Amino acid sequence: MDEDNIFSNNCVVKQLSATDERLANALDFLFLLYAASLVFFMQAGFAMVCAGSVRKICVQNSMLKNIMDACGAALGFWSFGYAFAYGDGSSNSFIGATHFFLSDLDVSQYTMWLFQYAFAATSATIVVGTLAERCQMTAYLVYSFVLTGFVYPVVARAVWSEHGFLNYDNGKMFGEEIAIGVIDFAGSGVVHITGGTTALMATKILKPRKGRFHDIRGRKLDVPTHFPGHSAALQVIGTFILWFAWYGFNAGSIQYISGETGTGYPQFAISALAAVNTTLAASAGCISALFMNLYWSEHKTGEPVFDLLMALNGSLSGLVAITAGCSVVQPWSAVIIGIVSGLIYLLSSRFLIRQCIDDAVDAIPVHFFNGIWGMISVGLFATPENISNLYGPEDLSKIHAGLFIEWGSGRSDAYLLAAQIVCILFIIVWVLGIMTPFFVILNYVGWLRSEALEEIVGVDYDGTNLTNLSLYAEGPRSRSPSFYENEDTTDKMANNEDSHGQLDDDAIASTIVINA
């Protein structure tokens, strides 16, 4: 009788254990699916920010590019991207070689594909706003496929795949004796530097919008023309959507929430730390950018200005900067990282203007420069306790922490900072090496830039309804008077005739605007 009871109890224990395991797996699945949905929802945030930042005559084109970005990224990551990033190929840590078109991928991994696709699409979307109002639709669709199908996956594999040569768990960057790798928990480098580098190179090749830095005859303006966005409300809504979705981006990057890490630390606690740090960095970045710009404007003009755009982009800068280290830094460090990110945004935005680089939504200062700062901040503020909780080992003396934290312990260990810098350089060199010739070729064959007439009257204009041209006058009228120089229309047109006596597009467009 006792043996029967023991057997019955063992069966009950096994059933309960199996039930607990199924519940844990279901919880992890729902958590990852929810996080992936939040990250994908960032597409709506980017669309709102872009729509609010451009003129009315370019809104539909900008929104369509956001849709095309999500669609092109899905096809690129489905066909080649996931295979290159996470396919098997341990003998070749540079690129994967299995799971093309999701072949032989277990259905249980489909949620992981969705999660990683959302990150890839986010990296591609960064470029939309930078090239707004002057980039052809064909070029953008091709670009999103190439970036998510090949360029981004190589970076993601190097840092996040178990086969990656920069991966922290591999710990082989500086040889077998120094166990160290790159820490980029949610993608300051993988996502934002990749997208930001692409945006910087693309806008450099594409060149500025008509009238931004030069007049109709190509002479540099004394003061760059400001092209104000048509809707501050859309920009605010988009920023709040991005902030909300960023919790899936950062807190969701733990991927599983029911279990423990290799050192026995609960995964939900790491997710909670990431969420808190995300909130603090965004808030600090917003306040920092707002009040630094307030001081700047008062010092320069004598009148303090509370600039909404500075606050919005400051918060986004803080979000980008904390993304790499949200799970390995303390909350007080997140505040410092956010404060510095706001200052970096202001300085880099003004630097781009001085260099005549036209970024319609300031995506490059937010994503590229603060992505770099985010990676570096890990090498300065990561604590050994948090690194141990996430990656191990339990022996803290074997962990290479952030330089400032090491100084606080009386040591001068900069290996982690060096690893982060190596990763930054790798991403920039890799992206520039592939995307520079790509955009040069697109530009050479005439697929990159819109026609001058289409650009000035608005890329939403389809060229089929000449009677409605006056509807498009609002945007071009925002140009500074120095762009048109108040000259007689006939003289302007005569001076812009080509060798065959035909008016070029710039002359026609400026004439339409003046007469509208």
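Close-up 1. Tyr168 is buried, with a relative accessible area of 9%, where buried means under 20% relative accessible area, exposed over 50% and partly exposed in between, for a 1.4 Å probe and protein chains only. The model shown here is a predicted one, in which local features need pLDDT of at least 70 and side-chain atom pairs count only at pLDDT 80 or more, whereas totals for chains, interfaces and linings use all residues. Residues are numbered from 1 along each chain as its sequence is written, and side-chain values use heavy atoms, with hydrogens and water left out. The count of aromatic pairs comes to 27, by a rule in which rings of Phe, Tyr and Trp (its six-membered ring) pair if their centres lie within 6.5 Å, with planes under 30 degrees apart called stacked, over 60 edge-to-face and the rest tilted. Tyr168 and Tyr391 form a tilted pair, at 4.5 Å centre to centre and 40° between the planes. Tyr168 lies in the loop between helix H4 (137-160) and H5 and Tyr391 in the loop between helix H11 (384-390) and helix H12 (403-408), so the pair ties together parts that are 223 residues apart in sequence; helices here are DSSP runs (H or I, at least four residues), numbered from the N terminus. Tyr391 is partly exposed, at a relative accessible area of 27%.

**Close-up 2. An edge-to-face pair, Phe291 and Phe306.** The rings of Phe291 and Phe306 make an edge-to-face pair, with 6.0 Å from centre to centre and 90° between the planes. Phe291 belongs to helix H7 and Phe306 to the loop between H7 and H8, and the pair links these distant parts of the chain, 15 residues apart. Phe291 is partly exposed, with a relative accessible area of 40%, while Phe306 counts as exposed at 58% relative accessibility.

**Close-up 3. Helix H9 and what covers its buried residues.** Helix H9 (residues 331-354) has 24 residues and reaches 35 Å from its first C-alpha to its last, close to the 34 Å expected at 1.5 Å a residue, the expected span being 1.5 Å times one less than the number of residues. Among the buried residues of H9 are Ile337, Tyr345, Leu346 and Leu352, and also Gly338 and Gly342. The cover over the buried residues of H9 includes helix H5 (188-206), helix H7 (267-301), helix H8 (308-322) and helix H10 (363-381). Arg350 lies over the face of Trp296, at 4.1 Å from the ring centre; a charge sits over a ring if NZ of Lys or CZ of Arg is within 6 Å of the ring centre and within 35 degrees of the ring normal. Just after H9, Cys356 takes a positive phi of about 60°.

**Close-up 4. Phe439 in the largest nonpolar core.** Of the 115 residues in the largest nonpolar core, Tyr143 and Phe439 touch the most other members, a nonpolar core being a set of buried Ala, Val, Leu, Ile, Met, Phe, Trp, Tyr and Cys residues joined through side-chain atoms within 4.5 Å. Helix H13 (residues 415-444) gives the most to this core, with 14 residues. Leaving aside neighbours within four places in sequence, Phe439 is in contact (heavy atoms within 4.5 Å) with Tyr143, Thr198, Ala202, Ile205 and Leu448. Another core lies apart from the largest one and has 11 residues, among them Ala51, Ile57, Val59 and Ala363.

**Close-up 5. Ile126 in helix H3.** Ile126 lies in helix H3 and, at 2% relative accessibility, counts as buried. The C-alpha atoms of Ile126 and Gly195 are separated by 5.6 Å, although the two residues are 69 residues apart along the chain. Beyond the neighbours within four places in sequence, the contacts of Ile126 are Val191, His192, Gly195, Gly196, Ala363 and His367.

Close-up 6. A cis peptide bond, with omega of about -5°, joins Gly392 and Pro393, and Pro393 has its place in the loop between H11 and H12. Leu102, in the loop between helix H2 (59-86) and H3, has a phi near 65°, a positive value in a residue other than glycine. Gln255 lies in the loop between helix H6 (232-250) and H7, and its phi, near 75°, is likewise positive in a residue other than glycine.

Methods: Helices (H or I, at least four residues) and strands (E, at least two) are DSSP runs, numbered from the N terminus.
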